[in-house]
Amino acid sequence: MSIRRRLMTRFVGMLAGIVVLIILLGSAATYWVIQRVNEVMLVDDFATSGLEQLINTAEMLPDGTVRYDPKLLEQVKHNQGWLQVLDKKGYVIDDFNTPPDVPKQYKPGELIAYWDATEPFPYQIIIQIREKEGQNFTLLYGERNQAESLLNQVRQNSYYTNGELVLQPQQQDAIRSKGAYLQVLDAYGQELASFNKPAIGVSSSYDIQELVLRIRYPNRYGISSATFYDEQNGTTWMISIPVDPSASGNENPYKFILAPALLVLLLSVVILISLLAFWYANRFGSPMLHMLQWLQRLERGHYEEPTGAFGVPRSQRRNGKWKRKYNVYAEVLRSMQALSHTLKQDEELRKQTESLREEWIAGITHDLKTPLSSIQGYAHMLEADKYSWTTEEVREFAGIMLDKSMYMDRLVNDLAMTYRLRSGGYQPAVEETDVNTLLHDLIQRAERNPAYGEGRIVFQPSEVPVYGLVHIPSFERIVDNLTANALLHNPPESILVVSVHSGEHADAFSIQFADNGRGMDPETVWKLFERYYRGTDTGTSDVGSGLGMAVTKGLIEAMNGRIEVQSTPGEGTIIRLIWDGPSETN
């Protein structure tokens, strides 16, 4: 998977995770709000919401009784309510907190009369009929409305006329005993008269909405209220009995649920986004900062990856594997490792090359000075008047001077050739040539060189004719260089085997130079084609300039070939010249 796809996957996954977490937080907040609303509704209107929950959570037992949620039963008791379960004939089969003045059996018409208030009954009742576990049962819930009962009692033989409220003594005593108060309101909700009304904390004016809320939600106001409308004079009688002095009725309880829920949800989302931002910065920003520091170190010439406290690269564990947050940048980190390795190798190679160049310059200077000193010495000897040289001596001196000058010329030409090959300025014209015949002739010429010794070269031609595109002068120089390198730098008893091998394509072939001499170590093999590397002592100037192998490699590549070296110390060296043919070369 590419780094682009990995990053997209991580980013999409992170965003999806944020969405899921926000949904979970919203769901949790919604669940909490619903639970709190249910609790408020149980207090505000148990007859509507509480009975529904009571039925849904009820369990029918084998003996016909019903098991309820204990918390809901506590609320029934707190509301001074009671429960009865009736069978089909109206008999009570189970009850809870039922007062003694509640019947144990109801006739069908009687229960309906109590329910729709056509017959007097000391309680307000709610009837719920449900099917539970395959059985139909009737749940009867009742609450005593003290204010309603008191109002019915006060209305008897009481009246309001000519701005005066008339109450009987026993009715006044009933109001005082309950701690209640009576108000008579006009058609606009303004108080006309009152009895036992507290001096402070009770309003003298009501609108329709407030009256409805006081009657509908007595627990909010801590007052149980009941009203009676007198059609004769258009007045409204209202009895109020305090039941919870701490209730004010000024605040909607649902506000205390929604506000904290929204605040907690908002803070949770902010904290979540902050944590995710910190996680994102650590997850994706930290590796980027690490790579930036690495690049800055590379710029300053420090090629090692920045390490942690224990000397381990920050992107890796101790076992060498990528850390999880760095794994997404694995391709970039591998590229940077390769870059660091390459730069480090290049720096080491540059230092080695500088050292080799200085050594080579020193060697070349020595090699040039040695024959030049000989030429100068013989020239001074020939010029001096105090010496009389014979013709044979002069001819000998001239031969030595010519040999030294030819060596210097060959040294300078090799140096010039390496620069031409390196810059691509040398492009020899190749022609199709019989490689077996050409190489056989060159080997025969080399065998006649007395410096090599007799019988040290074995030529093995290809069994089939081999034709290749070569530049004959360059090819001759290559063979001369490789032959000299194999025979002059190895013991006198070593043998060089030169063989020709045909290739798979037209004009494809290879030539192998294999000797059983000293061999070379890996470092020497690696530096073999360096322009400034010379494996021999610079004092032995006649054996070469140190540029022969560099020239050889350049000439082969100029003819679209390549060279390979395989060597083992103490066993010998194999050098292969390979031409892959036009089909393999661009």
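Which strands does helix α16 lie across, and at about what angle does α16 run to β18? In this predicted model, helix α16 (residues 548–558) lies across β18 and β19, and its direction is at about 140° to β18.

## The five-stranded sheet

The strands β18 and β19 belong to an open sheet of 5 strands, ordered β14-β16-β17-β19-β18, with mixed pairing. At its edges stand β14 (457–460) and β18 (562–568); each has a single partner strand, so one side of each has no neighbour in the sheet. From one strand to the next, the twist averages 15°.

Within this sheet, β17 (residues 509–515) and β19 (residues 572–579) run antiparallel and are joined by 7 bridges. Phe513 has Ile575 in β19 as its bridge partner. A further helix, α13 (residues 435–447), lies across β14, β16 (496–502) and β17, and runs at about 170° to β14.

## The four-stranded sheet

Another open sheet has 4 strands in the order β10-β9-β12-β11, and its pairing is antiparallel. Here the edge strands are β10 (191–195) and β11, each of which pairs on one side only. The twist from one strand to the next averages 20°.

The antiparallel strands β9 and β10 are joined by 4 bridges. Gln183 has its bridge partner in β10, namely Ser194. Helix α5 packs on the sheet through contacts with β9, β11 and β12, and its direction makes about 130° with that of β12. Helix α6 also packs on the sheet. The strands that α6 touches are β9, β10 and β12, and its direction makes about 85° with that of β10.

## Helix α5

Helix α5 spans residues 146–155, and its residues Ala147, Leu150, Leu151 and Val154 are buried. Viewed down the axis of α5, these buried residues fall within an arc of 105°, so they line one face of the helix. In general, an α-helix has 3.6 residues a turn, so residues three or four places apart point the same way.

The cover over the buried residues of α5 includes α6 (169–177), β9 (181–185), β11 (223–230) and β12 (235–242). Just after α5, Asn157 adopts a positive phi of about 60°.

## Helix α6

In helix α6, the buried residues are Gln171, Ala174 and Ile175. They span an arc of only 95° around the axis, which places them on the same side of α6. Pro169 and Ser177, on the other side of α6, are exposed.

What do the buried residues of α6 pack against? Their contacts are with α5, β9, β10 and β12. Just after α6, Gly179 has a positive phi of about 70°.

How many cavities of 30 Å³ or more does a search of the whole structure find? The search finds 1, and the volume of the largest cavity is about 30 Å³.

The lining of the largest cavity consists of Leu349, Gln352, Thr353, Leu356, Trp526, Lys527 and Glu530. Helix α11 (residues 330–383) gives the most to this lining, with 4 residues.

Note on methods:
Residues numbered from 1 in each chain as written. Predicted model: local features only at pLDDT ≥ 70, side-chain atom pairs only at ≥ 80, totals over all residues. Heavy atoms only, no water. Buried < 20%, exposed > 50% of the residue type's maximum accessible area, 1.4 Å probe, protein only. Helix = DSSP H or I, 4+ residues; strand = E, 2+ residues; numbered from the N terminus. Arc of directions from axis to C-beta. Contact = heavy atoms within 4.5 Å. Pairing = 2+ DSSP bridges. Axes fitted to C-alpha atoms, helices over the stretch in contact; angles between N-to-C directions. 1 Å grid on protein atoms, 1.4 Å probe; cavity = no way out; pocket = protein on both sides within 12 Å on 5 of 7 lines; lining within 4 Å. Points joined across faces, edges and corners; volume = space filled by probe spheres on them.
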